[in-house]
Structure formats: structure tokens, C-alpha cells
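Please keep the sequence and the model in view while reading.

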Amino acid sequence: LFKNKTYCFEALSLAIGLWVTAALEKLNISGIQLKWPNDIYLNNKKLAGILVEIEQKKANNWHVIIGIGVNIRLPETYKKTIDQPVTDLHSNNKGVKISRNHLIAEILNNILPQLIQYDEFKPYYQQWNQYNHKNNQIIQIKMNQEIIEGINLGVNHKGLLQIESNGRIHTISNGVLAT
């Protein structure tokens, strides 16, 4: 699938986030936001997460493992044990049940055709920024032992997060978005 395309992986999780968002919107879930680099939020609470693992098996031969976790129905007692605000589809869908099979089918139908054509993030970054969680708000990024605080400007065409701090724009390739 990705032979001779080693350059395309740097923002794959962001593109997948967009595709999952489109699938959720087809199921009438609105108000979705994307949190860099791999979370999907609804009503300022984490709804889903995406993990992408990439292994090079041989020269120009890659294996990509994509994990997508969507909270469908979380008991309130469980939500209280998680160290961040979380939500689920059941709580935000006025009690209407969403079939897991229907959800999985919608996500796969949205992702697979896009994944086959994917070779860079550039065509997606403006759309991703429309869903940017905490857009133009002050955020903190933890990188190793350093914390950078600034205004969230969204991602650039490579999927790198940009924050403005003290009149300077920082381009972040890895780190943990703290706030």
C-alpha cells in the first residue's frame, strides 16, 4: 500500500482523525473537534483516540497498524476513574443506540478509500484546522522536560502543530498537548 512512500507517514494519524470525524458526522454526531496529534473530542471531552504504528519490513516495504478507539457507552462510574474529561456516543446521542457494527462499517467505508490514495497531509491540513480543538486558545505543550505555552494556531501542511509564544511561532513535531 505504501511502497516507496516513506514521506507520507508523518501526519497519517491526523488524516485518519478527519476520516473518522466524517464517519461520525454521517451518523449525525455533530460538534466534533480534533486535538493534535491523535484525539477526537466532543463537547470538550475525549470521545476517541487514534494510534498509528509503522514498521519497515524491508527497503521501501512498510507495515502500518492503525488503532481506533471510540467510546460508545461508558458507565458514569468508569468515567470518574479516568484522569481527563471523557464522553461517549450514547451520552451525546439522546439515548439513541448506535450499533457497533454500523459504526465500524461507516468508519471503514470512510477510511479505506482515502487511505489507498493518501500520500501526504497537505490536501487535508486546512480541513483539519476547521476542527482544531482549542483553536486560537492558549495551550501548553510538554516536550521532554520543557513546557511551551502559547496560542494554538493549528497545523501546517505537514501536520506539525504551530503555537505562537512571545511573538514567535513554534513548530512542534512531537510532544504532549497538556491543555
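The sections below go from the basis of the model to the overall fold, the paired strands, selected residues and the backbone.

## Basis of the model

The model is predicted: local features require pLDDT of at least 70, side-chain atom pairs count only at pLDDT 80 or more, and totals for chains, interfaces and linings use all residues. Residues are numbered from 1 along each chain as its sequence is written, and side-chain values use heavy atoms, with hydrogens and water left out.

## Overall fold

The protein chain contains four helices and nine strands. Helices (H or I, at least four residues) and strands (E, at least two) are DSSP runs, numbered from the N terminus. Read from the N terminus, the order of elements is α-β-β-β-β-α-α-α-β-β-β-β-β. The radius of gyration is 17 Å, close to the 16 Å that the globule rule gives for 179 residues, so the chain is as compact as a globular protein of that length. This radius is taken over C-alpha atoms, and the globule rule is 2.2 Å times the number of residues to the power 0.38. Along the principal axes, the C-alpha atoms fill a box of roughly 45 × 40 × 25 Å.

Of the 179 residues, 40% count as buried; buried means under 20% relative accessible area, exposed over 50%, and partly exposed in between (1.4 Å probe, protein chains only). Contacts are defined by heavy atoms within 4.5 Å. Among contacts between residues at least 6 apart in sequence, 50% join residues at least 24 apart.

## Paired strands

Two strands pair if DSSP finds at least two bridges between them. Strand β5 (residues 138-143) and strand β6 (residues 146-155) run antiparallel and are joined by six bridges. Within this pair, Lys142 stands opposite Ile147 in β6. The two strands form a hairpin with two residues between them, and Asn144 in the turn has a positive phi of about 55°.

Strand β6 also runs antiparallel to β7, with four bridges joining them. Here Asn152 stands opposite Ile163 in β7. This second hairpin has five residues between its strands, and Gly159 in the turn has a positive phi of about 85°.

## Selected residues

Ser165 belongs to strand β7 (residues 161-165). Ser165 is buried, with a relative accessible area of 11%. Leaving aside residues up to four places away in sequence, Ser165 touches Ile148, Glu149, Gly150 and His170.

Leu112 lies in helix α3 (residues 100-117) and is partly exposed, with a relative accessible area of 45%. Leu112 and Trp19 are 93 residues apart in sequence, while their C-alpha atoms are 9.4 Å apart in space.

## Backbone in the loops

Most residues other than glycine have a negative phi, and most peptide bonds are trans. The peptide bond from Trp36 to Pro37 is cis, with omega near 0°. Pro37 is found in the loop between β1 (32-35) and β2 (39-42).

Asn28 has a positive phi, near 65°. Asn28 sits in the loop between α1 (12-26) and β1 and is exposed, with a relative accessible area of 66%. Asn43 also has a positive phi, of about 55°, although it is not a glycine. Asn43 is located in the loop between β2 and β3 (45-58) and is partly exposed, with a relative accessible area of 48%.
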